[in-house]
Every structure is written in structure tokens, then in C-alpha cells.
Amino acid sequence: MEQEHTYHYQVMRRAIEAIDAADDTVTLADLAEQMQMSPAHFQRVFTAWVGVSPKRYQQYLKLDHARQMLRDHFTTLETAAEVGLSGSGRLHDLFLKWEAMTPGDFAKGGAGLTIKWGWFDSPFGPALVMGTDKGICGLGFAAEAGAEPAMADLTSRWPKAAFVEDPTALAPWVTAAFEMKGETQLHMIGAPFQLKVWEALLTIPSGQVTTYSEIAQAIGHPKAVRAVGTAVGRNPVSYLIPCHRALRKSGALGGYHWGLPVKRALLAWESARAEAVA
């Protein structure tokens, strides 16, 4: 059963890559052929994983989808906070336990910390995950960035930490994160301003978006839009701290640390799942 699950995971990853790389809509028959599956079987697997058909999913990947989301699924963060959508609530239908380092510990650059790391399959390409004994502190995608740059990027965040390869220790948290069940613990390592921005990102429900200026308002620094954008870009835990849900005021995607194709895939996947649940 586990082998079948891993196989389907890889099929979905390759299907998303094929869809995103295409200049136009890819037919079900063509996708199934690329995945070496029958159209009916591929449709069943894809719909079970994403929640909608491949055709419907592709509509979410169109370039104007972000603007549509901003019109129809914009989240006012103050309202979200008032109704309890925060770091202590639910994200991606799973429970996140959030803990942050003190400013003093952050200033030490990870000195005295042992950070475990490992590579994992994810729906959005190879994922590099790092964590302390308290939870996941880093998650990056290598589909666009590449494995070596992703490793160099995350290890540079905590230059004085000791890094140990130990995917087994991280596996329960990673499984909970990507399969959206169980509890995932986070150990956030950042400056106080960054932590405020990252906590604000946690208030954005899956399938919805906000803007950099809205985040600045929510954390009490309405003029610090550029600084907010920088903090969003420095978020070390992609996907779980949903920096991909932050857009420009115009509805443009803006940047994404791990590549815009990954951001588009994340937003499309969440929109599709939100529609399937509604």
C-alpha cells in the first residue's frame, strides 16, 4: 500500500510539472499517456488527490487566476484573527503547533542548535525539510531552485548550527504536513519583525489570498510594505507558513523564493481543494 501511495505521489508531481510546462490546456488523453496510465485510471487518481478533474485544475493555473482570487477570495487578516484563524488554529486541514525562538537565540545564528535534515517527495517536487527537536524549522522546494542551492539556502539561515542528516526523525511531521492529517510542529527561527509577518500569514485560510499591504496593516506597520515583502520572502518554512498566499495589490503573483511555477501550483491546488470541500 505504501509503495502504491509513493507511486501515485510521483505521478501527481510529474502531472503538475507537465501541466505547468504546457503552453495550452493538456487533454486528459495526453496527460494519461505521459503518465503511462489509462485515461480513466489517471482521472481517478488525479481527482482523488486534487479533488477536481485535471481539466478543472488547469483552469486554476491560468495567469489571471491570482487576480480572480484577489477579487473573490481576499482575506481581511483582522477579521480572520477575530474569528480564531491564527497560528494556534488549523492550516491545510491539519493542526500546527507553533513555537518561536527568543530574539536572543535568533541573534546567535543557530549556535548550540542541532538541526536535522532530509529530502522528501512532495506534490510540488523534491522537498528539503529541516527541524530541531521542537519542530520543523525549514522547508524548501528544489523543483526550480535545484538541490544544492536549496541546501545552501536553508543552511545559511542558521550558519552556526550543527546539521545532521536524519530524515527518519522528521518523517512523522512531514507525513502529517503533506498528507494533511495529524499534528505538525513548527519551530520558527527569525527576527521579531519576521515572526510577526509569518504569524500573520498563518491567518490566511487555504484557498484564499491577501496582499503585502494588508499584512503590513495587520501587524501594525502600514507603511512597511517593502519590509513585509522581504520578510515574506525570507519565510524558512514554505507551504506550512503560506507565503504563497501573499499577492501584490494588483493581483500579480509577485515573487516566490522557490520559483513562481511552484507558487502557481500551490495556489491552484489549494483553490481546487477548497472548491471540492465547498
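Mentor: Gladly! Let's begin with disulfides: the structure holds zero of them, a disulfide being a pair of cysteine sulfur atoms within 2.5 Å. This is a predicted model, where local features need pLDDT of at least 70, side-chain atom pairs count only at pLDDT 80 or more, and totals for chains, interfaces and linings use all residues. Residues are numbered from 1 along each chain as its sequence is written, and side-chain values use heavy atoms, leaving out hydrogens and water.

Trainee: What makes Cys-137 count as buried or exposed?

Mentor: Buried means under 20% relative accessible area, exposed over 50%, and partly exposed in between (1.4 Å probe, protein chains only). Cys-137 has 0% relative accessibility, so Cys-137 is buried. Cys-243, with a relative accessible area of 7%, is therefore buried as well.

Trainee: And why is Gln-36 called exposed?

Mentor: Its relative accessibility is 73%, so Gln-36 falls in the exposed class. Gln-36 sits in the loop between helix 2 (28–34) and helix 3 (39–50); helices (H or I, at least four residues) and strands (E, at least two) are DSSP runs, numbered from the N terminus.

Trainee: What is the phi of Gln-36?

Mentor: It is near 60°, a positive value in a residue other than glycine. Most residues other than glycine have a negative phi.

Trainee: How do you know whether Tyr-239 is buried or exposed?

Mentor: Its relative accessible area is 0%, so Tyr-239 is buried. Tyr-239 also has a positive phi, about 75°, and lies in the loop between helix 12 (225–233) and strand 9 (246–247).
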